[in-house]
Amino acid sequence: MPTLTKLFTWQEASEHKTRDDCWVIVDGKVYDVTDYLDEHPGGDDVLLKAAGRDATDEFEDAGHSKSAIELMKSYCIGEVDPTSPLIPELKISTEKPKPSFTNKLKDITSQYWAIPVAIVGIAVVAGMLYSRKK
């Protein structure tokens with residue numbers, strides 16, 4: 001009887017990256033190494049750094065022994081779904097953000113720019129006329 005393999009999306013796997021919930025992906029397989037953190041010969045920081053992402057290159061560069069590779073099989077909980085996107089899809093919102101007071105003020109001044117310009121113009125003309133009378 002074939003063993004059923006649980007498929008995880010990259011997004012699901014990437015959410016498990018804490019000391020209390022640590023998953024690592026190597027060669028497309030997902031490993032829950034939470035219980036192995038304290039026993040890892042290279043230290044828990046190595047696994048925590050690789051948590052929630054594809055650590056195939058780091059795993060191969062470390063040169064693990066055959067016994068380590070065998071031990072790894074006991075922590076395998078599934079595979080990454082090859083059809084799942086590496087980057088999660090963005091949710092597009094049609095809801096417009098509520099404008100802040102400063103944005104409202106900018107909109108009003110950009111729509112009614114003539115009023116402040118007229119006030120400044122009148123003030124300049126009045127100042128020039130006042131200074132000529134003296």
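Because Lys73 and Glu70 sit three residues apart in helix α4 (residues 66-73), about one helical turn separates them. Helices here are DSSP runs of H or I with at least four residues, strands are runs of E with at least two, and both are numbered from the N terminus. Lys73 is exposed at 51% relative accessibility, while Glu70, at 49%, counts as partly exposed. The classes are buried for under 20% relative accessible area, exposed for over 50%, and partly exposed in between, with a 1.4 Å probe and protein chains only.

A word on the model: it is predicted, so local features need pLDDT of at least 70 and side-chain atom pairs count only at pLDDT 80 or more, while totals for chains, interfaces and linings use all residues. Residues are numbered from 1 along each chain as its sequence is written, and side-chain values use heavy atoms, leaving out hydrogens and water.

Now look at Asp44 and Arg19, whose side chains meet in a salt bridge at 2.8 Å, N to O. Asp44 belongs to helix α2 (residues 44-50) and Arg19 to the loop between β2 (17-18) and β3 (21-26), so this pair ties together parts 25 residues apart in sequence. Asp44 is partly exposed at 23%, and so is Arg19 at 38%. Arg19 and Asp44 also join Asp38 in a network of salt bridges.

Arg53 and Glu58 make another salt bridge, at 2.8 Å from N to O. Arg53 is partly exposed at 32%, as is Glu58 at 37%. The count of salt bridges comes to five.

Key:
Salt bridge = Lys/Arg side-chain N within 4 Å of Asp/Glu carboxyl O.
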